[in-house]
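Welcome, and thanks for opening the viewer.

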Amino acid sequence: MGGPILSSAMSRDIDALNEEMIAAGVRIFVGGLSPASNAKSLRAQPDGRVLITDGPYIETKEHIGGFWVLEAADLDEALAWGRKAAIACRAPVEVRPFAARVRRNGRSTPVN
């Protein structure tokens, strides 16, 4: 979610989508973010220190306004939710899976 200012109609549509996701049992987590102007960027320096600056780490016209973590059966289902999110948010929505990882002995390792 990003781009347009959150209107009451958009807020209502996003709330309705959240309720639909909960009812379908797919929503794991949701989080709205404050404006990118509130961001702090941290960059590791060659000397080992970390430089902290005001603002987003990359200059762009679009910023992430929030995100959902869903448990979808497959990419088609994830894209169907993404379509609904793009309509509710009135902004572009990106859909992508987590990198595949398996937990073994308390450690997370990539799946080959």
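Start by selecting Met10, Asp13, Ile14, Leu17, Glu20, Met21 and Ala24 in helix α1, then Trp81, Lys84, Ala85, Ala88 and Cys89 in helix α2: these two sets meet. Here contact means heavy atoms within 4.5 Å. Colour the selection by class and you will find 9 nonpolar, no polar and 3 charged residues in the contact of α1 with α2. In this scheme Ala, Val, Leu, Ile, Met, Phe, Trp, Tyr, Cys and Pro count as nonpolar, Asp, Glu, Lys and Arg as charged, and the others, Gly among them, as polar.

A word on what is on your screen. This is a predicted model, in which local features need pLDDT of at least 70 and side-chain atom pairs count only at pLDDT 80 or more, while totals for chains, interfaces and linings use all residues. Residues are numbered from 1 along each chain as its sequence is written, and side-chain values use heavy atoms, with hydrogens and water left out.

Now show the two helices as cartoons. The axes of α1 (residues 8–24) and α2 (residues 75–89) come within 8 Å and cross at roughly 160 degrees. That makes α1 roughly antiparallel to α2, a label for angles over 145 degrees. The axes are lines fitted to C-alpha atoms over the stretch in contact, and angles run from 0 to 180 degrees between N-to-C directions.

Zoom out to the whole chain. The protein has 2 helices and 6 strands, in the order α-β-β-β-β-α-β-β along the sequence. Helices (H or I, at least four residues) and strands (E, at least two) are DSSP runs, numbered from the N terminus.

Which residues make up the largest nonpolar core? Select Met10, Ile14, Leu17, Met21, Val26, Trp68, Trp81, Ala85, Ala88, Cys89 and Ala91, 11 residues in all. Helices α1 and α2 each supply at least two residues of this core. A nonpolar core is a set of buried Ala, Val, Leu, Ile, Met, Phe, Trp, Tyr and Cys residues joined through side-chain atoms within 4.5 Å. Buried means under 20% relative accessible area, exposed over 50%, and partly exposed in between (1.4 Å probe, protein chains only).

Next, pick asparagine 18 in helix α1. Asparagine 18 is buried, at 11% relative accessible area. Its side chain makes a polar contact with the side chain of tryptophan 68 at 2.7 Å. A polar contact is a pair of N or O atoms within 3.5 Å; within protein, one must be able to donate a hydrogen and the other to accept it, and residues adjacent in sequence count only if both atoms are side-chain atoms.

Move on to serine 41 in strand β2 (residues 40–44). Is serine 41 buried or exposed? With 3% relative accessibility, serine 41 counts as buried. The side chain of serine 41 reaches the backbone oxygen of glycine 55 at 2.7 Å, and a polar atom of that side chain lies 3.4 Å from the backbone oxygen of proline 56.

Step to alanine 39, in the loop between β1 (27–32) and β2. Alanine 39 is partly exposed, at 26% relative accessibility.

Arginine 90 has a positive phi of about 55 degrees although it is not a glycine. Most residues other than glycine have a negative phi.

Methods:
Angles under 35 degrees count as roughly parallel, over 145 as roughly antiparallel, 65 to 115 as roughly perpendicular and the rest as oblique.
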